[in-house]
Each structure stands twice: as structure tokens, then as C-alpha cells.
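Subject: Structure for you to look at

Hello,

Here is the structure I promised to pass on. Please open it first, then read the notes below.

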Amino acid sequence: MIVAENLSKVFTMGENEVRALDGASFTINEGEMVAIMGPSGSGKTTLMSIIGCLDVPTDGRYVLDGEPVESLNESELAQVRGRKIGFVFQQFNLLARTSALENVMLPQLYAGATMKERTERAKKALERVGLGARMDHNPNELSGGQQQRVAIARALVNEPSIILADEPTGALDSKTGVEIMSLFQSLHRDNGQTVILVTHDSYVARHTDRIIRLSDGHIVSDEKNPSPIKAGAARDEEH
Amino acid sequence: MLLSENFLLALRALKANTMRSALTMLGIVIGVATVVALLAIGNGATASITSDIEGIGSNLITIRPGRQMMTIRNSTQAQVGSLYYSDYETLNKRVVSNVSGISPAFSSSYKIKYGSESFQVSVTGVMEDYLPIRSYQIENGRGINGSDNDSRSRVAVLGAQTADDLFGNLNPVGKDISINGVKFQVVGVLQAKGSSGIDNPDDVVLIPLETGYSKLFGTSAIKDGRQTVSVILLSADSSETVDTVIGQAEYLLRREHDIAPGEEADFNISSQADFLKTMDTVTQTLTIFLGAIAAISLLVGGIGIMNIMLVSVTERTKEIGLRKAVGASKNQILLQFLIETMTLSLLGGLIGILLGVGIAWVFTVLGLITSIVSISNVLMAFTFALAIGLFFGIYPAYRAASLHPMEALRYE
């Protein structure tokens, strides 16, 4: 569960102060699937960094699973990231010349798991995203959709409380994008996983239950989406 | 994360850019190889010079004319003073205890001739004790003895090299040679001692000193109407008595030469130990000098490593961002890159040691110098390489570890 109160982030560029985030407050409960939307420059990347514990706010409070995070130092933040956040990026960010299995094992390495634990959990995560048969492939031997699945498996492997996805379909064609959205929905629906999607694409955002819109560092709307698009179903209808 | 995992990670990262890693390592390889090879060759040279000096004679004491201190500036001054045959007689008579041998010698260069072969060589007039003092062994025939001197016989003993040059495969013993036009009969040939590099002990002709005075040296050996000698050699009976003998000889010669106490003597006495000490200082200086040159090449190698690691950190900014995003702490990133640099210098160090030992071995096999590879030198070179890796690895690793995760992730 995320509780954000009056989050602000100020960057100093030369003599100018840029208020990337200006007093954002919201609560995201466990098991929710939420989209954070906004055009570029709206502060959504900054918000994502703070939610993902990649950065700390200049002002305000951020409580993650009951733990105040805003005042943690760098190494404590790294620990929280490893334990509680699973990242999915637009460009997948897989390590080249490294098999899918080893890519997925990476977060476990820093979590201090034994080799056996790492392998078992990574295999399980890859099977969960439907890539059980391609564990030994290197990223350059996989399609874009498959690479993003590996990245999702990597985000899942430490069993984080939140999956934080930054434009996860941005680098994929629409058909593969639908598959990935379907995977996120199934993680949310079947496993009760909290999923936060950061996107500028309203079509992607409409796959979630709740949409938070940002503009100029302010939250301009925070609404339930009563009828989310079902990614798998949409495709079924086409057939 | 275990150290071994970090090491494997580093190997993989280095393998990803094999060519670049190899070229980067080359700096360390060359540096370490140079250190190892130069030190091995330096050690070999020192050992060979030491054994040569020891081979000159055991517990040898050398008395030469001239002052003790021989700086380049007053080297002409050092020629002041002479040693006389009478000095030898005094020493021979008065210094008896602890001395196992004493012989004066007068050396001059003459043309020697046998058949059509002729060349210039150092001819030395000696007494009977000269051969044992200088540790010469007889290969063939006999040495110079007392009666040769008493009867002023025209006999000569040839060094191994001289015999070879003059006679080739013939047996020189019994043959007549001409020294500066004077006929001498060869009565013996010395065993080869091997070149010392200082002066070749095998390229000599020994004749009885008395014969030399009367038949060969002429006025060149006469000063103020007295017979001079180039050197007086003494052999102490053990290394402990060397200083006692030196003390006695100095006291006697100062009195003989009428030198007041406190005044500088017109002769100098040195022992083999002094000589060894001097040579030791020289070779040590040389070794330090060579080591310093090699260390500079290691330093350059280290800078090369740092350069490449900085490039690598920039190239892998996204990877660093990702590692941080999935939970890697600053220290873990620091360690990862530091170990990568250390692995590079460690591998470079190992290859460099092999190469250095190889070069030293080639020197030995080619007969240039019998190089000595010492474990401590190898360890030193290796430690130095690792230290270079550590030192030059810290900055790039720190740069990597200090990257802001979000900025690193978005780096293009």
C-alpha cells in the first residue's frame, strides 16, 4: 500500500528552480491496478522515480507498506527497491549476452538468495509469463514481446508488493502490446498483484481500474475506471 | 553476493569486449613482464659478478700504489706514489701470521708471437704464490716456481684464452714463444676461470718476476733506481683474519714509506669484501633504476586501465541504472567495477609474470646471462600490478556507483 502526502520534487538547474512535482497526494491500496497519465513534462517520470524509490521527494511524505521512505539513505532505498518494487521499462533493459534465466535471476542476486533459490524462483517467474521454454535464449534471440515478458518475469521474481511499469508497450507493435497488457491484467486479477502503469497513452491507461492524471506537477484528476478494457477479450472479439 | 560471483561477472563483462580487454591488459602485461625480466636479469648479473669476484681468489688482499680515495677529480693525484719490490720483501719477512700467500706482480702489455700468430697481451711477472692466491689451477704442464725466479729462467705460463688464441689445437707446453722479441719457453697452461667482465683472467701470460726485471720490463719497472711492482697480493688464511692482515700490512708499509700518522698513505689496500660491497652497491643501484623504469610502464598501464574503465562505465550507464533499480546498492556496484578492474590487472599480472619468466629464460638459454627469477620479485611485481588495478579502479568504480539510478536508466 502506498500513501503519498503532498509530494514535491524541486530540481535546481543553474539558477532556475524547476518544480517537477508540486504537492501530489494519493493512496494506492494493495491489489489495485492504476495508471498514472500525463503528457511529457507533466511530472509522471518524477513521480514514478519517487514511487519506485529511485529518488526521494524534496518535500512531503511517502509511506510504502507502512514504512516511511522519504528520509531513507541511498543503500536503504536500494534495499527497499529490491524487496518491494518490480520495474518494467519501455526499452526492456535486459542485459545483453545474458540468458533470459540469468536476467530474471539478477534481482535475486542482490537480494542475497542462494544460487538454488535464485534458479528456482527465476524459472517459476519465467513460466508465469509463458516463457518456460525459452529460458536459455539471450535477449537478441527473442522477439520484442518475449523480451518484455522476460522483463516482467524479472520484475516478479522478488515477489514485490508493486509492479511499476513505465510505458511497457511503448516499444511494441499493437498486437504484442495487447498481449503484454493482458499479462498485466492477469497478474492483477489472478495474483492480486498491485500494478502501476505510467503512460501517456490513454488507450493503455483504460486497461486499468483507476486513472491518475498529472499536469505540471499537479494531480488534475484521480478517477475510477468503471469498465476497463479487457486486453485478451478485445482480441477475442476481433476473431 | 559472493566474491566468486563478482569475479565471474567481471570475467563475463571482460569477455564481452575481448579485444578491448586484451589491449587494456597489454599495458599491465608489459609492465609486469618488464619488472620480472629485468629483476631476474639484474639478479643474474649480480650473482655472476659476485661469483667472478670471489673467483679472483679467496680472502684476497690487494695493495696498489696511489691514494685510498679515488674520485674522478683527483685520479691523477692517485697515481702519486709507487710500490717497490722492497715493500714486498718487507711484508714477506714481517707479516707471517695469518698469511697463506704473498706475491708481488708487475704487469705490462707486450706483443707475443708464435709462428705467424701474434697479438698484444698483458704480461705479468709473478712469484710462486701468485697462482694459489689468484685461485689459478694448472690445466697442463706446471706453474711458475721459486727456482724459475732464482735462476731468472725464460719460462712462461699461458692463460687458457691466450693459449687458445696463440696455439689453437696445438699443445703449447714445450714450445718457444717470443714476448717483445725475447724468447720464452711455455711450461704450462692455466685452467679457464671464465670471463669476469672486469678483466679477463684467461687472457694473460705469467712469467717469473725476476726474469721480467732482468730480461723484459727494462726501465719501465724502475723508479728512482728501485724496482717497482704494480700490485702486491696477499691471501689471508681465513676471512676472519683479513682485517688483521690489512692492519699489519698498512702499519709496515706506512713505516717503510715514512708516512706520518694522520697523513694520507701513498698506497691503498683493499680486500675482496670491499670490492664485493662496491659491486653490490652498483648492481643494487642498477636494479633499482631498472625497476623504476618498469614501474613507470606499469603506471602507464594502470592509466590505460582507468581510461578504458571510464569508457566502460559510460557505455554501461543503462546497465548500472538497471542493476540499481533491481536492488543493487552503491557498494555492490562499486565492488563490481572494482573487481572488474582488479580482474583485468590480475590476469595481466599473471600473463606478465609468465612472459617475464619466459624472457628471463630466453636470456639464460641464449647464454647472454644466467637470469635468476626470485619468488619475492615475482610476488612483488604481482602485488604491484594488483595495487595498480585497485588504485586506478577506484575512480571509475566510484563514478559508476555514484550514478543516479533514474538518470542512468534514461541515459541514451
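Leaving aside its neighbours within four places in sequence, which residues is A:Thr98 in contact with? They are A:Asn103, A:His137, A:Asn138, A:Pro139 and, from the other chain, B:Arg12. Contact here means heavy atoms within 4.5 Å.

Some ground rules before the rest. This is a predicted model, so local features need pLDDT of at least 70 and side-chain atom pairs count only at pLDDT 80 or more, while totals for chains, interfaces and linings use all residues. Residues are numbered from 1 along each chain as its sequence is written, chains are lettered from A and ligands numbered from 1 in the order in which they are written, and side-chain values use heavy atoms, with hydrogens and water left out.

Around A:Thr98

A:Thr98 sits in the loop between strand 6 (85–88) and helix 3 (100–111) of chain A. Helices (H or I, at least four residues) and strands (E, at least two) are DSSP runs, numbered from the N terminus. A:Thr98 has 7% relative accessibility, so it counts as buried. The cut-offs are these: buried is under 20% relative accessible area, exposed is over 50%, and partly exposed is in between (1.4 Å probe, protein chains only). The side chain of A:Thr98 also reaches the backbone oxygen of A:Ala96, at 2.9 Å.

Where the chains meet

A salt bridge is a side-chain nitrogen of Lys or Arg within 4 Å of a carboxyl oxygen of Asp or Glu. Between chain B and chain A the count is four salt bridges. There are also five residue pairs in polar contact, both residues at pLDDT 80 or more. A polar contact is a pair of N or O atoms within 3.5 Å; within protein, one must be able to donate a hydrogen and the other to accept it, and residues adjacent in sequence count only if both atoms are side-chain atoms.

Which elements of chain B give two or more residues to the side that touches chain A? They are helix 1 (3–16), helix 11 (317–325), helix 12 (330–365) and helix 14 (405–409) of chain B. Helix 11 of chain B gives the largest share, six residues. By type, that side divides into nine nonpolar, five polar and eight charged residues. Here Ala, Val, Leu, Ile, Met, Phe, Trp, Tyr, Cys and Pro count as nonpolar, Asp, Glu, Lys and Arg as charged, and the others, Gly among them, as polar.

In total, 22 residues of chain B are in contact with 25 residues of chain A. The area buried between the two chains is about 2,200 Å², and carbon and sulfur atoms give 58% of that. In chain B, B:Leu322, B:Val326 and B:Met406 lose the most area to chain A, together 25% of what that side buries. Buried area is the accessible area (1.4 Å probe) that two parts lose on being put together, summed over both.

Salt bridges within the chains

Over all chains, the structure holds 28 salt bridges. In chain A, A:Glu32 pairs with A:Lys224, the closest N and O atoms being 3.8 Å apart. This pair links distant parts of the chain, 192 residues apart: A:Glu32 is in the loop between strand 2 (16–28) and strand 3 (33–37), and A:Lys224 is in strand 10 (residues 218–224). A:Glu32 is buried, at 13% relative accessibility. A:Lys224 is exposed, at 63%. A:Glu32, A:Arg210, A:Asp222 and A:Lys224 are linked in a network of salt bridges.

In chain B, B:Glu315 and B:Arg20 form a salt bridge (3.2 Å, N to O). B:Glu315 belongs to helix 10 (residues 272–315) and B:Arg20 to helix 2 (residues 18–55), 295 residues apart. B:Glu315 is exposed, at 51%. B:Arg20 is partly exposed, at 21%.

An enclosed helix

Helix 1 (residues 44–51) of chain A is largely enclosed by the rest of the structure, because seven of its eight residues are buried. Among them are A:Leu47, A:Met48 and A:Ile50. A:Cys53 follows this helix, and its phi is positive, near 60°.

Confidence

The model scores ipTM 0.92 and pTM 0.73. Chain B has a mean pLDDT of 87, and 94% of its residues reach 70 or more. pLDDT is the predictor's confidence in each residue, from 0 to 100. Over residues 70–78 of chain B, the pLDDT is below 50.

Best wishes
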